Amino acid sequence: MIGLIRRMRMIPRIFFQCLAGFVLALFVDRIVYAHPPNELERVPALSLNGEWIVYIADSEEPVVESAHLGIDSPFSNPVKMDIPGHFQLQLEEIQKPSASLFNEYYRRNFRLPASWQNRRILLRFDGVLSPYEVWIDGKRVGRCDFPMGRAEFDITDALSSEKNHAAAVKVLTSETPDLRPLTGIFRDVTLLALPNRSIEKILATPEIDAAAGDAKLHIEVALSHIPPATGEEDVSVSLELFTPYGESVAQTTITWFEEKEGNLTGRAILPADNLKTWTAETPVLHRLTAELKAGDQPAHRTSVLVGIRRIETRRGVLAVNGKPVHLRGILYRESHPQAGWALREDQWIADLRRMKEANINAIRLAARPPHPRFLELCDEMGFYVIPDLHLPDAADLRDKALRSIIERNFNHPCILAWSLGDCSSWSEALEESAERIHALDSSRPLLAAGLFDPTLSNRIDILAPRYPTQSELKKILRQKRPVIVAAHTPAVDGALEGLEELQRWIYEEPALSGGMLEQFADDRWASGERAGSAPCGILNEDRTPQMDFWQLQRVYSPLRIEEREARIKSGRQTIELHVDNQYDFTNLRELSGSWILQRDNQPILSRSLLLDLQPGKSMQTAAMVEIPDDLDEHDYSLRYQFAEKTGRAVYEHVVRLRPGDWEKDFLSRLSDLHWDKNWRATAGPLRAQIEHRNYSFIIQLASAEWFMRTQEHNVRLITGGPYIRLNRSKPSAASASEDETPALLRDLWVDYKEVDKLDKNNELRTHVMDAKSGPDNPAAQAQIDILSSPFGFNDIRFSIRLRDDQTAGELGLAFLAPPTLSEIVWMGDGPYPSYPGVSALNDWGIFSFKPIDRIVPGNRMRVNLLALRDERGYGLGVMALDGRISIEPVKEGSLITVNCATAGVGSRTQPTLHPISEKERSGASFTAFRLIPLTRNQHPSLFARLWADQ
């Protein structure tokens with residue numbers, strides 16, 4: 001009865017703890033824990049981050065190390081810098097050494113709190129970029145030859161009797177600055193005060209038996225600095241497991257220990273039945289506390305956060321908690337333009353939030369071992385992490401480094417697998433390392449990025465190819481081992497070509513667990529550059545999104561609607577769509593959804609939407625809508641939106657609603673253009689000319705070049721072209737200097753043309769060919785037909801044929817608009833039209849840029865309308881039936897291309913990766929579009945609506 005009363009008294013407290021945690025979780029990205037460490041668990045710590053004295057010297061230069069490494073500074077004018085940091089980014093006055101070997105000397109004075117008496121004092125370094133030696137009060141306390149990870153030095157005996165102390169570090173930089181542009185102490189430096197008897201480490205291995213429906217934690221505890229005279233019966237460790245909201249669920253006590261590698265080690269098992277499991281979608285963490293007692297006296301108390309989860313590679317499939325997982329990954333190198341590699345917690349949080357925004361659920365950590373705090377954030381926010389283990393060449397150092405990294409990070413549930421780093425071939429050293437890794441951690445699989453040979457050692461559990469072709473990937477998937485593509489689709493450089501196909505394949509092939517996009521952010525330091533930026537991330541260096549960020553956000557969404565358009569009629573009707581839940585563990589009822597009926601991109605009706613759909617399942621959803629009787633005058637669409645309970649957008653999809661005779665209705669929407677009775681089309685020996693009251697269109701008969709201007713104020717609308725489009729080169733806006741002719745125009749220029757004069761239907765026919773190949777054997781031959789109308793528009797029909805041996809990335813017709821037309825708007829596909837400040841996930845809508853040079857070059861698909869204009873409202877309209885239109889800002893203005901066929905969207909720096917398929921280029925490719933000059937205050941209503949919300 002007393003126990004029942006106690007449990008009932010706990011109900012209000014637990015309720016309010018849960019309520020507070022839930023409310024706070026709505027406003028942050030990670031779970032809030034109602035059971036923080038108590039005072040006994042808090043290890044006294046003193047941060048040595050901040051201002052240090054620094055001196056850089058060539059290795060041959062004589063330096064009085066005893067003076068520098070003592071308490072008093074040897075420098076008359078000491079130079080100071082902030083640690084963590086890099087002198088290359090902070091100290092312009094320091095002469096950068098030119099020698100391949102140089103030393104960095106760092107020094108800082110400190111005082112220990114009086115309460116730290118009779119404690120063990122540890123000096124911890126979380127990361128240094130080269131081997132280093134440490135002195136305390138002029139006494140050498142040790143050296144670290146595997147520096148980038150965490151290392152601790154016991155400095156208790158080295159401390160002098162003085163109140164003031166000095167810590168000094170000599171960093172032995174052994175690579176040239178060109179190959180390693182950043183050096184020094186790049187992570188935290190901390191002093192810790194531990195009791196003489198302490199818990200050295202806790203390793204918790206979860207075990208889940210799905211068939212039996214139970215779970216448990218296998219726990220190993222190591223004790224350090226236990227005097228040999230202390231009997232084992234005098235030492236005990238009490239273990240207790242708490243839920244995220246502070247409820248104790250399991251306890252046990254370890255009383256038996258064995259000596260192992262200089263420490264006393266004990267083991268125990270804690271039941272973990274009916275506890276919520278950890279996944280990247282459900283990042284639930286439990287707190288495990290351990291209290292050391294010597295006799296009846298508490299000596300040390302500590303705690304760790306653990307996740308109840310099990311990782312296995314079963315029947316060639318990577319599974320978490322018994323279910324296959326699908327990785328939507330990114331390669332992450334810790335780098336920032338101002339901080340270099342010395343990132344802070346707020347920068348990690350900002351990066352991880354950006355990843356969440358892009359629907360990324362997996363991270364491959366490259367270059368350096370992870371900071372434990374970064375892994376804690378991944379545990380809390382929900383990410384699968386694969387750290388690369390970059391190991392020393394010496395066998396004894398490799399073993400020490402492996403133990404340090406694995407044991408330090410063992411309890412982080414976010415670590416899905418270990419990686420041996422980028423490997424070109426298998427070796428005996430890798431075999432030994434793989435064997436050692438499995439001995440230290442048998443709960444996680446192992447991969448070697450770049451290795452996927454069928455004869456690969458069976459110690460490699462996951463095959464990890466880099467940039468595999470589709471045929472290579474098919475062969476790899478036959479080897480009956482899980483496959484993770486270690487690097488695929490360089491962001492921006494490849495414009496994410498093939499990513500959507502790969503992502504679809506991941507859900508079709510059980511052995512293909514996912515892949516890692518390369519990479520997260522532009523990184524000038526990755527290739528050793530001291531200035532400029534290597535554009536290969538989905539974010540710029542300053543963390544502003546590039547176009548691929550929004551594309552990745554859409555492709556990586558775990559919720560999918562396949563339909564892109566639906567046929568409708570006026571009146572009340574039901575629109576059904578197919579929905580796929582591609583989450584691994586999340587029911588869609590945990591998301592908030594809605595649909596919005598739009599007319600000309602403006603909302604006119606919205607309804608909430610709740611879908612009860614299990615992970616990995618599909619369903620049909622229906623929306624009941626009332627369509628007005630103006631279908632032939634307006635564009636209707638249905639926008640679906642889904643978000644997490646925190647408000648973070650997960651998915652947005654726009655379905656175009658079209659009547660059965662949409663094409664006919666769309667072309668007739670220019671009915672508000674007026675007949676010009678004085679319109680005429682003439683042709684002389686040198687040029688053909690179309691004269692309308694609103695514009696003049698001139699075609700040079702010798703060269704077939706175009707020029708268009710308005711009659712009022714003589715505003716130029718077209719100043720160059722037409723050009724045959726065969727491929728994409730680096731646009732001048734991204735790469736060419738101001739005094740260079742744009743490479744794109746040089747590649748596309750056509751200087752051999754034949755022109756037929758106007759016929760009785762006012763049609764001008766132009767035969768053109770690619771000039772770079774020579775007139776005797778051109779790579780491409782094309783025909784351009786211009787049919788002009790007295791209503792004020794010109795229909796352009798374009799067909800092109802390639803030689804059998806010729807390949808192309810794009811086939812289209814281009815023309816040049818002047819830079820004065822500085823605003824652009826179009827109705828068609830995104831998210832390639834996306835730009836900083838616009839975070840919509842939709843893939844169809846109305847998009848605009850002002851000024852136009854902010855636009856990222858590339859193809860826009862399913863474009864119906866495009867318009868350019870100047871500040872006064874004069875401009876040029878393009879009308880197409882689901883056209884593929886490319887937009888590039890160049891020095892001379894804006895290059896507009898209407899393509900017959902494309903191999904991909906292209907990018908800001910590279911052409912498309914693959915040529916146009918044989919199927920698309922067989923025979924003559926054809927496209928058609930309409931040019932409509934736009935005069936001030938006389939835009940047809942079809943185009944006026946494009947600017948309505950500008």
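Me: What do the buried residues of H5 pack against?

Reply: They pack against strand S18 (297-306), strand S22 (327-332), helix H4 (345-357), strand S23 (362-365), strand S24 (384-387) and helix H6 (395-409), where contact means heavy atoms within 4.5 Å. Helices (H or I, at least four residues) and strands (E, at least two) are DSSP runs, numbered from the N terminus. This is a predicted model, in which local features need pLDDT of at least 70 and side-chain atom pairs count only at pLDDT 80 or more, while totals for chains, interfaces and linings use all residues. Residues are numbered from 1 along each chain as its sequence is written, and side-chain values use heavy atoms, with hydrogens and water left out.

Me: How many residues of H5 are buried?

Reply: Nine of the ten residues in H5 (372-381) are buried, meaning under 20% relative accessible area with a 1.4 Å probe and protein chains only. Among them are Pro-372, Phe-374, Asp-379 and Met-381.

Me: And what follows H5?

Reply: Gly-382 follows H5, and its phi is positive, near 95°.

Me: New topic: which residues line the largest cavity?

Reply: The lining includes Ala-204, Leu-217, Arg-309, Phe-410 and Ser-443. A cavity is a set of points, on a 1 Å grid over the protein atoms alone, where a 1.4 Å probe fits but cannot get out, and lining residues have an atom within 4 Å of a point. The largest cavity holds about 70 Å³ of space, a volume being the space filled by probe spheres set on the points.

Key. Buried means under 20% relative accessible area, exposed over 50%, partly exposed in between (1.4 Å probe, protein chains only). On a 1 Å grid over the protein atoms alone, a cavity is a set of points where a 1.4 Å probe fits but cannot get out, and a pocket is an open set with protein on both sides within 12 Å along at least five of seven lines; lining residues have an atom within 4 Å of a point.
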